[in-house]
Amino acid sequence: QSGVIVSAPFAADGDADRRIGQVASTVLGGGYSARLNQEVCIRRGLSYGASADAESLPTGGMLSARAQTGHASAVEVLQLMRAELRRLGDEAPSADELAARQATLVGGFARRLDTTGGLASLLLGQLSQGRPIADLERYVSEVLAVTPEQVRDFARRHWQGNGLRAVIAGDLKAIGEALAPLSADALRVPLAELDLEQLGRVASR
């Protein structure tokens, strides 16, 4: 199979819209009924699952959407995921869709509070990233306060235009002519020549 990842900019730590972004990323890829899984897995049967999550750092953040699929459908899955990221900037989630994804976030948070290990993990995450522990008290209310329009506007600001990046790791010969629609300047690296340090330098330019 081929692994497909699409990345996009995300809110940094301390940004006022970081919580909105967390809800938006969950609308995209946080659960079985989220948009990516609906489009890639349920409607088309191209993967056993498509998901997305996001990370915030002091200087910025990144959303990662991912799926495993057959080599022949890798480009189609990449294009579907790109389209779903952009579509969210045009089509706000319905009230029911948003409520389901908010429940996913709140439920996951509550389950972590049920065990000492989960609580320790939450506290460590706050401390290691320099966030006030008191932020945890506001988590549920902030998640539930996010509106469909805020989700749409976040996606419009961060996930449209030229900010999206994508990687396919798989058998490019098996993918075949489906690669043609991709950008002509796409970087192709044979496995025998894979050098992650060099790729990091190229990507940082």
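**Notes on the salt bridges**

1. Arginine 157 is exposed, at 52% relative accessible area (exposed is over 50%, buried under 20%, partly exposed in between, with a 1.4 Å probe and protein chains only). Keep in mind that this is a predicted model, where local features need pLDDT of at least 70 and side-chain atom pairs count only at pLDDT 80 or more, while totals for chains, interfaces and linings use all residues. Numbering runs from 1 along each chain as its sequence is written, and side-chain values use heavy atoms, leaving out hydrogens and water.

2. Who does arginine 157 form a salt bridge with? Its partner is aspartate 17, with the closest N and O atoms 2.8 Å apart (a salt bridge being a side-chain nitrogen of Lys or Arg within 4 Å of a carboxyl oxygen of Asp or Glu). Aspartate 17 sits in the loop between strand S1 (2-10) and helix H1 (18-29), and arginine 157 in helix H7 (residues 148-158), so the bridge ties together parts 140 residues apart in sequence. Helices (H or I, at least four residues) and strands (E, at least two) are DSSP runs numbered from the N terminus. Aspartate 17 is buried, at 14% relative accessibility.

3. Next, arginine 35 and glutamate 97: their closest N and O atoms are 2.8 Å apart in a salt bridge. This one links helix H2 (residues 35-42) to helix H4 (residues 95-113), with the two residues 62 apart. Arginine 35 is buried at 7%, whereas glutamate 97 is partly exposed at 22%.

4. Glutamate 39 pairs with arginine 43 in a salt bridge at 2.5 Å between the closest N and O atoms. Glutamate 39 is buried at 10%; arginine 43 is exposed at 55%.

5. Shared partners join Arg19, Asp135, Arg138 and Glu142 into one salt-bridge network. The overall count is 13 salt bridges.
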